[in-house]
Amino acid sequence: MAENVKKGGLFQRFLDMIERVGNKLPHPVNLFALLAVMVLIASAIVASLGVSVEDPANPGETVEVQNLLNGEGIAYIFSSMVDNFIGFAPLGVVLATMLGIGVCERSGLIGAGLRGFVLSIPNRLITAGLVFAAIMSSVASDAGYVVLPPLGAVIYAALGRHPMAGLATAFAGVSGGFSANLMLSATDPMLGEMTMQAAATIDPAYADQMNNAMNWWFIIASTFLVTFVITLVSEKIVEPRLGKYKGEYTGDLDKLKPIEKKGLIYAMISFAISAGLMSLLVFPEWGPMRGTGDSPIVVSPFMDSLVVIILLLFLIPGLVYGVVTKAIKNDKDVANQMSDTMASMGMFIVLAFTAGQFVAYFNESNLGLVMGIYGGELLTSLNMDSVMVIIGFLIITAFINLFVGSASAKWAMMAPVFVPIMMQIGYSPELAQAVYRVADSSTNIITPLMTYFAIVIAFAQKYDKNMGVGTLISVMLPFSIWLLITWAVFIIVWIFTGLPLGPNAPVLYP
């Protein structure tokens with residue numbers, strides 16, 4: 001099959017074009033530095049033209065673009081640089097949650113849990129079980145990319161099925177299902193903080209009552225949709241196309257050791273106890289973290305503390321599993337695991353520095369607010385149907401995702417523009433983020449610029465030595481197409497039902 005794909009015509013040229021253009025883009029760190037410079041230059045040009053708009057948050061008042069290259073602006077650039085870095089919305093929440101997730105991953109709990117879950121499933125449900133496990137792996141950030149694809153290949157080979165089908169299915173579940181889960185993960189506060197920051201440019205009061213669980217109900221429902229779609233595509237399209245495996249590899253699936261089973265049991269007990277104790281903080285009327293008013297649970301200190309809750313719900317079971325399995329022998333092991341996790345976040349921290357400057361300059365210059373208002377007025381004047389606006393946003397995001405793989409990097413660029421535009425035409429910031437997540441996850445599967453794409457190719461070459469970028473994309477393309485179509489229809493139906501996207505997260509912006 002690899003030979004046929006390499007000889008392909010239009011499709012292969014399209015893939016080659018994506019790879020060439022994507023490879024010529026600067027590194028995301030440098031890309032944000034260039035964008036920050038472009039904002040400075042644009043602020044000077046637009047300010048000189050005297051562009052202004054009416055402030056939607058304060059009727060009767062106008063907002064002008066601020067020149068960041070005059071004397072006052074240059075002073076701001078130098079004096080705010082450190083604050084812009086520290087104040088970059090996702091920085092603290094991502095690093096904090098990764099402390100707990102890192103211990104959970106490095107103690108071996110996540111790997112053993114995923115392996116145990118898949119091994120416990122009947123053969124006829126193995127595809128759906130593998131997809132579900134892959135989707136749920138996003139609670140551990142990127143760990144699923146390393147654990148699930150090779151595990152899926154081994155499981156399929158052990159069952160006499162094509163290992164590439166198992167690898168592709170698991171990769172589709174991890175990457176395509178990155179924005180679907182039954183639980184909140186580090187992705188939610190990472191994107192949520194940027195969404196709230198963008199919403200504050202239009203309506204600070206509205207942004208203040210938003211929370212990081214704004215898409216929770218939607219991603220829970222999406223979990224079942226994505227599981228069904230990927231399972232169906234895998235069994236009806238991808239696996240039949242691959243045909244019978246003729247390679248030499250035979251699966252050898254390691255079962256859980258007794259100590260791993262014991263660790264999993266104790267970890268699950270500790271998770272249940274921890275979750276139960278935390279529920280006492282908010283559900284009883286005397287709960288110290290319960291809010292007041294009509295929604296004492298949704299609008300509460302508890303919801304404002306989700307980052308800490310996520311940290312603890314991963315940290316405690318991770319510690320228990322590590323102690324039981326002897327992966328953690330003393331406090332130094334815990335400190336080392338946390339340190340190793342933070343070391344792996346080095347690139348994100350560097351990215352946060354340049355991205356923080358771009359976001360801060362964009363907000364300080366008022367370019368985001370002005371573009372949002374003008375963009376909203378343009379869409380309104382065109383009398384575009386609401387469905388067309390959503391579809392347009394989906395297509396733009398899906399296309400950009402082919403060239404910029406990082407979800408946080410893309411949303412840091414797009415949120416300041418698209419969140420205000422969506423608000424201006426009556427859609428909530430929460431919906432803007434949900435639409436973004438649908439498009440981003442759907443084409444994650446086929447972008448060769450996604451961080452783990454090369455790693456998946458390396459896994460795949462164990463079963464097909466001729467496996468390359470084009471071959472892997474041709475295998476993954478059916479997943480991407482069907483996910484984008486069905487998930488887009490799903491969110492449009494959700495909009496028409498008017499159901500909230502999460503706690504205190506409406507579809508429409510009032």
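This is a predicted model: local features need pLDDT of at least 70, side-chain atom pairs count only at pLDDT 80 or more; totals for chains, interfaces and linings use all residues.

User: Start with charges. How many salt bridges does a search of the whole structure find?

Analyst: The general idea is that side chains of opposite charge can pair when their charged atoms come close. In this structure, the search finds three salt bridges.

User: Which side chain does Arg-161 meet in a salt bridge?

Analyst: Arg-161 pairs with Glu-239, at 2.8 Å from N to O. The two belong to distant parts of the chain, 78 residues apart: Arg-161 is in the loop between α8 (143-158) and α9 (163-176), while Glu-239 is in helix α12 (residues 216-242). Glu-239 counts as buried because its relative accessibility is 15%, and the cut-off for buried is under 20%.

User: Where do the partners Asp-188 and Arg-437 lie?

Analyst: Their closest N and O atoms are 3.0 Å apart, and they form a salt bridge. Asp-188 sits in helix α10 (residues 187-199) and Arg-437 in helix α21 (residues 429-444), so this pair ties together parts 249 residues apart in sequence.

User: Is Asp-188 buried or exposed? And Arg-437, buried or exposed?

Analyst: Asp-188 has a relative accessible area of 1%, so it is buried. Arg-437 is buried as well, at 2%.

User: What does Lys-410 pair with?

Analyst: Lys-410 meets Asp-440 in a salt bridge, 2.7 Å from N to O. Lys-410 is in helix α20 (residues 407-424) and Asp-440 in helix α21, 30 residues apart. Lys-410 is buried, with 0% relative accessible area, and Asp-440 is buried with 3%.

User: Now helices. How many of the residues of helix α7 are buried?

Analyst: In general, an α-helix has 3.6 residues a turn, so residues three or four places apart point the same way. Helix α7 (residues 126-136) is mostly covered, with nine of its 11 residues buried. Among the buried residues of α7 are Ile-126, Leu-130, Ala-134 and Met-136.

User: Last, the surface. Which residues form a nonpolar patch there?

Analyst: For a patch, look for nonpolar side chains within 5 Å of each other on residues with over 30% relative accessible area. Here the patch consists of Ile-265, Tyr-266, Met-268, Ile-269, Ile-273, Leu-277, Leu-280 and Trp-286, with about 880 Å² of accessible area together.

User: Where is Tyr-266 placed, and what is its relative accessible area?

Analyst: Tyr-266 is in helix α13 (residues 258-279). Its relative accessible area is 43%, so Tyr-266 is partly exposed.

How values were computed:
Residues are numbered from 1 along each chain as its sequence is written. Side-chain values use heavy atoms; hydrogens and water are left out. Patches are made of residues with over 30% relative accessible area and no salt bridge: like charges are joined within 9 Å, nonpolar side chains (Val, Leu, Ile, Met, Phe, Trp, Tyr) within 5 Å. Accessible areas come from the Shrake-Rupley method with a 1.4 Å probe; for residues, only the protein chains shown count as cover. A salt bridge is a side-chain nitrogen of Lys or Arg within 4 Å of a carboxyl oxygen of Asp or Glu. Helices (H or I, at least four residues) and strands (E, at least two) are DSSP runs, numbered from the N terminus. Buried means under 20% relative accessible area, exposed over 50%, partly exposed in between (1.4 Å probe, protein chains only).
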